[in-house]
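Good morning, colleagues. Please look at the sequence and the model on the screen while I take you through a few of its parts.

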Amino acid sequence: MDPARAQPIRPPPEIPPVASIVDRMVEKQEALAHELNAYEFLEKIEIDSLGPDDRPRRRSHVVVRIGPNAHALILTDAPGDEQAKRATAEAEVKQARRGIETVYSFRKAVPRFHVELLGHGDWQGEPAYHLAFRGKPDEPYRTSLEKLLNHVHGEMHISARDYSILAAQAHLVRPVSVAWFLVRFERLAFSYIAQRIPLGYVPKTVVFHYRVRIPFASRHERQRIDLVDYHLAHPNRTSSTP
């Protein structure tokens, strides 16, 4: 008998139901958001104002230090009209923070999606579940964000070891009007990549690309947020590691 054939065949790893994977992912993200309250890190925000061809017409940079409990301190020097520049920077930072916070606010959003398992494999050396999700177009909504989520499709990779989000991408499948039809999202795309630190998997790069039409104007931007230099704000404080 061929020795290779005599070796026992290992059964494939048991994959939990999709609902269980999603529930554990939500719990993990909420726990991670709580743990990050003890950390400091930098957000490097790059915003491109885009033309019809998606090429940058104007670029701005903001660097923000995020302290414990998400306290934000803008570090970027703002030459010229300090007050105006500062107001612009603060508006950009608030927008970026809202984007980051969406990564940790899945509990209310999850029921608005159909989720299916595409496979089980590897993501940059980490065993992972590959999921697809699509919004329920007829789901009742109360806010503009909920209406947008109804028309978002995407995919994500979830760690099979601790259920962290490793990577995600999503896009709006059709234009959506919000705010009494005065604001129309003609394009919306999102991508997320995680990085591993001693605490676990945390955000590394988040990118938003959107084109919004408002009365007599439009806004077309790509916003990239790189998160670096994670460290405990109080080294003597203990933090659980997954």
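V228 lies in strand β11; strands here are DSSP runs of E with at least two residues, helices are runs of H or I with at least four, and both are numbered from the N terminus. This is a predicted model, in which local features need pLDDT of at least 70, side-chain atom pairs count only at pLDDT 80 or more, and totals for chains, interfaces and linings use all residues. Residues are numbered from 1 along each chain as its sequence is written, and side-chain values use heavy atoms, with hydrogens and water left out.

V228 counts as partly exposed because its relative accessibility is 28%; buried means under 20% relative accessible area, exposed means over 50%, and partly exposed is in between, with a 1.4 Å probe and protein chains only. Between V228 and E40 there are 188 residues in sequence, yet their C-alpha atoms are 9.5 Å apart in space. Setting aside neighbours within four places in sequence, V228 is in contact with F41, L42 and K44, where contact means heavy atoms within 4.5 Å.

Let me stay with this strand. H220 also lies in β11, which covers residues 217-232. Is H220 buried or exposed? With 9% relative accessibility, H220 counts as buried. Its side chain makes a polar contact of 3.1 Å with the side chain of H209. A polar contact is a pair of N or O atoms within 3.5 Å; within protein, one must be able to donate a hydrogen and the other to accept it, and residues adjacent in sequence count only if both atoms are side-chain atoms. Beyond its neighbours within four places in sequence, the residues in contact with H220 include D48, D54 and R211.

D54 itself is found in the loop between β1 (39-50) and β2 (56-66). D54 is partly exposed, at 24% relative accessible area, and its phi is near 70°, a positive value in a residue other than glycine. Most residues other than glycine have a negative phi. Y163 is another non-glycine residue with a positive phi, of about 70°. Y163 sits in the loop between β6 (152-159) and β7 (165-172) and, at 9% relative accessibility, counts as buried.

Y163 leads us to I158. Leaving aside neighbours within four places in sequence, I158 is in contact with Y163, and also with I21 and M25, among others. The largest nonpolar core has 53 residues, and M25, M156, I158 and Y230 touch the most other members. Such a core is a set of buried Ala, Val, Leu, Ile, Met, Phe, Trp, Tyr and Cys residues joined through side-chain atoms within 4.5 Å.

I21 and M25 are among the buried residues of helix α2, as are V22 and L32. How far apart are the end C-alpha atoms of α2? They are 26 Å apart, which agrees with the 26 Å that its 18 residues (18-35) should span at 1.5 Å a residue; the expected span is 1.5 Å times one less than the number of residues.

Finally, the chain as a whole. The protein chain has five helices and eleven strands, and 40% of its 242 residues count as buried. Among contacts between residues at least 6 apart in sequence, 55% join residues at least 24 apart.

Thank you for your attention.
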